[in-house]
There are 4 protein chains.
Amino acid sequence: MMSLTLEIVEKLSSAAKAKAKEIGVPMNIAVVDEGANLKAFHRMDNAWLGSIDISIKKAKTARFFDMNSGEIGKLSQPGQPLYNIEHSNGGLITFPGGVVLKDESGTIIGAIGVSGGTVDQDHEVATAGAEALKSY
Amino acid sequence: MMSLTLEIVEKLSSAAKAKAKEIGVPMNIAVVDEGANLKAFHRMDNAWLGSIDISIKKAKTARFFDMNSGEIGKLSQPGQPLYNIEHSNGGLITFPGGVVLKDESGTIIGAIGVSGGTVDQDHEVATAGAEALKSY
Amino acid sequence: MMSLTLEIVEKLSSAAKAKAKEIGVPMNIAVVDEGANLKAFHRMDNAWLGSIDISIKKAKTARFFDMNSGEIGKLSQPGQPLYNIEHSNGGLITFPGGVVLKDESGTIIGAIGVSGGTVDQDHEVATAGAEALKSY
Amino acid sequence: MMSLTLEIVEKLSSAAKAKAKEIGVPMNIAVVDEGANLKAFHRMDNAWLGSIDISIKKAKTARFFDMNSGEIGKLSQPGQPLYNIEHSNGGLITFPGGVVLKDESGTIIGAIGVSGGTVDQDHEVATAGAEALKSY
């Protein structure tokens with residue numbers, strides 16, 4: 001299994017930052033490893049303060065359940081199977097912006113969480129970070 | 001960028017208190033600075049005890065995302081993009097009563113949070129506090 | 001029993017602020033009422049950010065046990081009867097700077113907590129606030 | 001006052017990482033800004049997982065009280081003036097490794113926290129990061 005070195009994580013973060021600059025939205029960007037433990041975090045200038053915690057929680061949420069954070073959000077709505085799962089694990093964030101990181105064999109080796117814009121923008125920037133992993 | 005001195009914050013709080021007296025509802029009034037750290041808090045006589053924490057969380061929530069707390073609440077409803085965002089940052093309050101504080105150039109330099117009445121009353125009192133900033 | 005109105009609390013806070021200015025140390029000043037609930041808080045310009053929480057905890061600690069915070073600290077040392085009592089109540093602060101507020105009959109009606117300088121300075125400023133109650 | 005941009009913070013982190021490599025100890029490195037809010041975090045490969053939280057808390061502790069974390073630790077020992085101050089602010093870390101960041105005028109604009117080795121090593125790496133600020 002591929003391991004998320006800091007060198008690789010910095011490149012994923014840079015790819016995410018480049019996308020954030022391209023769309024003109026300052027973002028908070030967090031990456032967690034296989035153990036769901038924080039590996040790197042960057043807050044771009046003028047990004048929301050409240051998104052520090054949210055970006056980290058999105059990354060952890062995605063790795064906790066090995067699916068993008070927004071997928072869990074569909075299941076945590078009132079009346080749905082995972083209603084209020086957000087109360088677990090010291091707080092989850094289940095809307096889009098958390099994306100799993102997969103190595104070339106498809107094994108999940110971590111996750112990236114992005115917060116600072118609309119959930120579509122957050123997901124777009126997180127995906128740009130995750131895509132950058134493919135070049136390794 | 002203008003800095004929120006205690007002298008200015010006291011005047012914003014007084015303006016909010018004056019509005020609260022005018023409408024006859026005792027309020028909890030909190031002000032946070034640029035870094036979302038508490039600068040001043042006042043609980044008017046007979047104001048709800050549970051609103052101590054709510055007023056502080058409303059102020060922090062507004063500064064965390066640079067928008068009035070009620071705007072976030074519209075987006076955090078079931079089925080909406082930010083559902084259950086309240087689980088982040090040690091607890092958010094996303095109904096009205098948290099209002100951003102802007103200096104003359106439009107830069108957000110903090111926020112005021114008010115709790116003790118209906119959300120409309122809370123927002124009215126917070127706005128009165130925020131408006132007082134314009135005289136500086 | 002005398003009740004701590006916001007009007008009175010503001011005057012205690014002002015007396016504490018005046019003493020802080022006199023000794024040249026910016027302070028965080030918190031006052032809690034009979035129920036150990038926050039009534040007012042002021043952070044003077046350039047006062048330590050970490051002292052926001054400490055000043056509030058000192059005030060609560062003093063009212064929780066009806067004695068000045070430093071008295072509890074003597075008993076919470078290793079080998080003493082209240083060793084590590086700081087783990088209770090969401091966190092206590094048991095060094096000086098929390099002072100009980102007594103009405104003219106000697107009944108404790110709240111407490112003031114001050115943080116921002118040495119513990120001696122904190123206690124001096126808190127005492128100045130508490131003394132101001134005597135004029136009511 | 002100088003502002004800690006992400007560009008500057010990345011360079012401080014890189015200087016700290018270079019020192020950590022030089023002494024052969026993988027480190028966790030956190031930087032907070034003026035408001036004690038996280039700006040960047042890096043975990044070097046094979047650095048302790050438990051040091052993620054410690055490095056962040058060291059940085060916050062240093063900014064909370066505008067002094068290096070180890071200075072507070074001297075005062076928080078049993079029998080010393082700030083005994084058990086660690087119970088405040090959601091948990092402080094008061095041994096060395098948190099170092100304040102000062103701009104050219106001496107104003108404190110944030111702090112860097114390092115954890116992963118002995119406290120002397122942590123302090124040495126944090127200091128290397130802080131020193132790099134002087135070139136801006």
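Predicted model: local features only at pLDDT ≥ 70, side-chain atom pairs only at ≥ 80, totals over all residues.
How many residues of chain D are in contact with chain C, and how many of chain C with chain D? Residues are numbered from 1 along each chain as its sequence is written, chains are lettered from A and ligands numbered from 1 in the order in which they are written, and side-chain values use heavy atoms, with hydrogens and water left out.

**View 1. The contact between chain D and chain C.** On the chain D side 18 residues take part, facing 20 residues of chain C (contact: heavy atoms within 4.5 Å). Together the two chains bury about 1,400 Å², with 63% of it on carbon and sulfur atoms (accessible area, 1.4 Å probe, lost by two parts on being put together, summed over both). D:Phe65, D:Tyr83 and D:His87 provide 40% of the area that chain D buries against chain C, more than any other three residues.

**View 2. The rotation relating chain D to chain C.** Chain D superposes on chain C through a rotation of 90° with 0.2 Å of shift along its axis, at an RMSD of 0.1 Å (least squares on C-alpha atoms of residues with pLDDT of at least 70 in both). The two copies are thus related as by a four-fold rotation axis. In chain D, the C-alpha of D:Pro78 is nearest the axis, 4.5 Å from it.

**View 3. The rotation relating chain A to chain D.** A rotation of 179° with 0.1 Å of shift along its axis places chain A on chain D, with an RMSD of 0.1 Å. These two copies are thus related as by a two-fold rotation axis.
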